[in-house]
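Subject: Structure handover

Hello,

I am passing the structure on to you. Please open it alongside this email. My notes follow below.

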Amino acid sequence: MSPGRTTTSRTKAALLVLAALGMGLPAVHARATPPPVRAVQPGKPPEIKPYVPPRIEAEPALDEADTKVVTGPAEQDLPIVVRPQAGMPALGFAPPGTRLPVKGMYDAATPRGCPTKRWYAIEPRGWVCSGWVRRSNEPPMTSPVMTVPEGKSLPFAYVMVGGDDTTEVPLWANVEDMKAGAAPAFKLKKGDTVAVKIEPKPLMHEGATYHVAEDGRVLPAKGTFSLGEKSQWQGVPISETATLPFAWVTPAEAKVYPGAEVGSAIEKLARRTRVAILEESGTGARRRIRVGDGRWMRAADLNEARLYPQPTGATTHNRWIDVDLGEQVLVAYEGDRPVFATLVSSGRAITTPRGNYPIWAKVSHITMKSQPYEDKTYYVDRVPWAMFFQAHNAIHGAYWHDRFGVTKSHGCVNVAPRDARWLFAWVPPELPPAWSGTRTPNLNEGVTVHVRDSHQRKPFVQERNIGPPDREQEKLKLDEADARRLQAAAQPPSAAVPSAAP
């Protein structure tokens, strides 16, 4: 299971609120009667729309607030916007019931965007309408919404559904529904995952064992298995002892030869051994890399990390990320100086789009599942440290595999959990205490993810729009899926083909 297209679990409510405010992911829902479908030429790339940054007014003067702390709604995430007026982009959101510190307030002249007209300025940044919150006498929350236990690389414990393609495991909304025999809220399939509580011990009911998920939902333990910590892989800081270019060994074992012409191997190196790149010879399948004195390797056996100039067409931010789809390598830069490099798993069946994409949102964790227009469903719970750079595509931690260095994902850029955590902290803006996600209002000021493919001879091209999912393109995908499904349902069963005479 390799996610790359996303919707949310607990953060779903917040993103839907942001969408309603014109600031978040579009809410796409299936329809009983699909509208007429516009003809689209197969294989035609979508139109690249120019980005127009939002007009953001100066901060208004603050009055002394009538409260020092506000609490968000108990049932949904709280959106935090960049300015106290309608139509402003979001800065982020906080989980249900979060208490936030207030540094001042502003009374607007009209109720547009805030029926109560009163806005609270939040520390360290952003605004909330007083109608979205209530005053609190308790102190603000100062702890992060997601922590990692001592000695662990993951914030949660996960289970995965096993079995085969016919397997269905019920997922109930709560313990009460499970005990009452109610219909499950969702049915999990092979490869789906759920973050579960490990304390107290698994729930027992009528002789069967159940897992209680982190969000309170319930599923039977039977049919699932613990994922543990699949990968301890971690990239390397670039320093005097780890300078580019270098490479990691790709296969489980790779041969080292005494010269550029392949002969008898003099040594074998294990997967992910890091070697210097000192010289290269040949092209294509005959390309060789010298990794030491009298030591050569096949380039096909290596993931190469090389210096790359800061791309034109990127944002004005000094920090940027280079993702090489051909080599399955990510390098983080500050200006022209590389600071970190690691292995990734990008899209396989659905390729990761090439282009310059400023990171438009960071989310501490998010549940990734198939969109309504996708026929093959998947459900991957609480994916940690997700940074969205193009529509539904994100750089995020992948806890379900350890195949970094080869393609595997559904379009996203998978990185090992330890690398995802490092990158999430390195990419600004910093996630304030008690916030579960943050956004970049003006994408021209964001950190760019430069996605290229060094194995392609085709020139670099911008293949997709920057920013959140495009509402029109999402709608078109759903229109096409509706038409495709109706057409399939109307097809008569295939006639039986008579067998040939022996």
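Predicted model: local features only at pLDDT ≥ 70, side-chain atom pairs only at ≥ 80, totals over all residues.

Cys114 sits in the loop between β4 (99–107) and β5 (118–122), while Cys129 belongs to strand β6 (residues 127–129), so the bond ties together parts that are 15 residues apart in sequence. The torsion about the S-S bond is about 75°, so this disulfide is right-handed. Both Cys114 and Cys129 are buried. Cys412 has 0% relative accessibility, so Cys412 counts as buried too.

Next, the sheet. Three strands make an open sheet in the order β20-β17-β24, and the pairing is antiparallel. The edges are β20 (274–276) and β24 (302–305). Each has a single partner strand, so one side of each is left without a neighbour in the sheet. From one strand to the next, the twist averages 30°. Strand β17 (residues 246–249) is joined to β20 by three bridges, and the two run antiparallel. Across that pairing, Trp248 stands opposite Arg274 in β20.

Now the backbone. Most residues other than glycine have a negative phi, and most peptide bonds are trans. Please look at these places:

- Leu244 and Pro245 are joined by a cis peptide bond, with omega about 5°. Pro245 lies in the loop between β16 (236–237) and β17.
- Pro428 to Pro429 is a cis peptide bond as well, with omega near 0°. Pro429 is in the loop between α3 (417–426) and β33 (437–439).
- Lys117 is not a glycine, yet has a positive phi of about 70°. Lys117 is in the loop between β4 and β5, the loop that also holds Cys114.
- Gln328 is not a glycine either, and has a positive phi of about 60°. Gln328 lies in the loop between β25 (319–324) and β26 (329–334).

Are Lys117 and Gln328 buried, partly exposed or exposed? Lys117 has a relative accessible area of 35%, so Lys117 is partly exposed. Gln328 is at 3% relative accessibility and therefore counts as buried.

Best wishes

Terms used:
Residues numbered from 1 in each chain as written. Heavy atoms only, no water. Pairing = 2+ DSSP bridges. Helix = DSSP H or I, 4+ residues; strand = E, 2+ residues; numbered from the N terminus. Axes fitted to C-alpha atoms, helices over the stretch in contact; angles between N-to-C directions. Disulfide = S-S within 2.5 Å. Buried < 20%, exposed > 50% of the residue type's maximum accessible area, 1.4 Å probe, protein only.
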